[in-house]
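Thanks for coming. I will walk through one structure today, going from the overall layout to a few local details.

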Amino acid sequence: MTEDLKDIKNHFPILNQFVNDRPLVYLDNAATTQKPISVIQAEEKYYKTINSNVHRGIHTLSQLATVEMEESRKCVQQFLNAKKNYEIIFTKGTTDSINLVASGIEPLIKEGDEIIISNLEHHSNIVPWQFLAERKNLKLNVIPVDDNGELIMDEYDRLLSNKTKIVAVNHISNALGVVNPIEDIIIKAHKVGAYVLIDGAQAVSHRKVDVQALNADFYVFSAHKLYGPTGVGVLYGKEEILESMKPYQGGGEMIKEVTFEKTTYADLPFKFEAGTPNIAGNIVLKNAIDFVHTIGFKSIVRHEDDIMKYAKENLSQIDNIIIYAQNAQHTSGAISFNLNFENIHSSDVGFILDKQGIAVRTGHHCAQPIMKRFGIKGTIRASFAIYTTKEDIDQLVKGIYLAQKMLK
Ligand SMILES: *Cc1c(COP(=O)(O)O)cnc(C)c1O
């Protein structure tokens with residue numbers, strides 16, 4: 001382990017415990033990451049010292065809370081390298097961010113337009129577009145995936161046309177860990193005048209994202225997969241597109257003036273932030289980002305690449321294991337696999353691993369279409385974070401051998 005990550009587990013109190021009488025091996029980071037003590041303490045400090053509602057009060061605490069939340073917005077702006085702080089909208093999570101876009105973008109869509117997603121998407125980057133397609137009578141096209149779990153880019157080229165209005169794909173697949181060629185996807189989509197939404201839920205904790213360099217129109221993620229709290233998400237959108245979108249929800253905070261005849265909306269970002277937000281969560285997202293920055297993406301990438309390589313090498317030694325996307329060019333953060341015995345479900349293996357104190361995810365990972373593509377019901381997924389060690393992988397391999405013995 002690199003020097004800067006050697007004691008990293010000490011920052012995460014939850015990791016220092018026994019589960020089922022075994023030291024916890026937490027390999028479900030693609031579902032949610034654990035929280036460092038700095039984030040936990042910041043949340044407690046907020047409630048102990050400045051808890052109050054934002055943007056409304058003239059009183060001191062309300063002003064302090066407002067300042068901190070807007071500081072956090074600026075921190076997210078820098079994290080993604082957005083041009084303007086008001087291009088950062090706080091939401092409830094990735095799902096909420098995508099639903100916001102799929103609803104708000106309606107004024108920019110006309111009947112007969114088309115949407116492109118991929119076979120590799122999380123349900124939350126499928127269903128909101130199906131809703132939109134139904135409402136506006138649009139065609140929903142799907143980029144297929146090859147046997148390596150990689151998008152077939154020739155097919156993408158074929159699907160693109162001047163009817164394409166939206167392309168929505170993930171940066172890194174939560175189901176297989178495949179890194180998608182989003183740079184190429186974005187350039188090609190813009191050539192036909194389409195907007196591109198990138199689902200970055202699995203990417204932001206693993207690599208530096210620069211929305212201006214990518215030229216993404218929308219980029220979304222969840223704080224809870226970035227060492228931050230649940231119930232907090234981010235939508236980055238380009239100013240001029242956000243300006244021409246309609247509000248997602250109506251309510252307090254998102255208006256300029258309300259009369260029964262006509263309501264005018266607040267400026268960005270508040271136009272999209274109806275109601276009292278998750279103030280504490282929005283504020284401590286800054287602490288989570290600060291934590292990532294103190295380690296730095298250079299160390300994170302080096303360490304996680306090392307772990308991925310080690311995991312692939314060691315898992316592939318196991319008899320009768322099928323590793324999905326094993327030969328994909330770029331993978332990050334997660335490995336999906338199955339044991340190739342008759343009548344073994346991924347959940348049987350997950351259950352035995354849990355008894356060893358090893359937490360993995362089993363099942364379809366909210367990505368049923370890609371499971372169907374591979375003709376399976378689900379996989380066992382081990383997913384990594386900055387605190388994952390080679391010892392964790394060794395425990396996983398041992399656990400799988402035990403599961404094999406018990407299930408044979
Ligand atoms: C987790 C995840 C989502 C959904 O995120 P929520 O936090 O549940 O809203 C969407 N896409 C991908 C790729 C994910 O990993």
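How much area do domain 1 and domain 2 bury between them? The figure is about 2,700 Å², and 59% of it is on carbon and sulfur atoms. Before I go further, please keep in mind that this is a predicted model.

Now the layout. Domain 1 is made of two stretches of the chain, 3–30 and 296–407, while domain 2 covers 40–293. Taken over C-alpha atoms, the centres of the two domains are 28 Å apart.

Back to the interface. On the domain 1 side, 36 residues are in contact with domain 2, and on the domain 2 side the number is 32. Between the domains there are 17 residue pairs in polar contact, counting pairs with both residues at pLDDT 80 or more. Which elements give two or more residues to the side of domain 1 that touches domain 2? They are the helix α10 at 297–315, the strand β14 at 334–339 and the helix α12 at 368–373. Of these, α12 gives the most, with five residues.

How many salt bridges cross the interface of domain 1 and domain 2? There is one. In a salt bridge between Arg373 and Asp147, the side chains meet at 2.8 Å, N to O.

Looking at the whole structure, the search finds 19 salt bridges. One more pair to look at is Asp392 with Lys9, where the closest N and O atoms are 3.0 Å apart. Asp392 is in helix α13, residues 390–407, and Lys9 is in the segment before β1 (18–19), so this pair ties together parts that are 383 residues apart in sequence.

Next, the ligand. Which residues surround the ligand? The list is Thr94, Thr95, His122, Ser124, Asn174, Asp199, Ala201, Gln202, Ser222, His224 and Lys225. I will pick out three of them. Thr95 has a polar side-chain atom 2.5 Å from an oxygen atom of the ligand. For Lys225, a polar side-chain atom is 2.8 Å from a ligand oxygen atom. With Asp199 the ligand atom is a nitrogen, and the distance to an N or O atom of the Asp199 side chain is 2.5 Å.

Last, some backbone details. Most residues other than glycine have a negative phi, and most peptide bonds are trans. Here are some exceptions to look up on your screen. The peptide bond joining Leu268 and Pro269 is cis, with omega about 0 degrees. Pro269 is in the loop between β12 (263–265) and α9 (279–295).

Where does Asn137 lie? Asn137 is in the loop between α4 (127–136) and β6 (139–143), and its phi is positive, near 60 degrees. Asn215 also is not a glycine and has a positive phi, about 65 degrees. You will find Asn215 in the loop between α7 (211–214) and β9 (218–222).

That is the end of the walk-through.

Definitions and conventions
Residues numbered from 1 in each chain as written. Predicted model: local features only at pLDDT ≥ 70, side-chain atom pairs only at ≥ 80, totals over all residues. Heavy atoms only, no water. Domains from an automatic or database assignment. Contact = heavy atoms within 4.5 Å. Buried area = accessible area lost by both parts, 1.4 Å probe. Salt bridge = Lys/Arg side-chain N within 4 Å of Asp/Glu carboxyl O. Polar contact = N/O pair within 3.5 Å; in protein donor to acceptor, adjacent residues only side chain to side chain. Helix = DSSP H or I, 4+ residues; strand = E, 2+ residues; numbered from the N terminus. Near = heavy atom within 4 Å.
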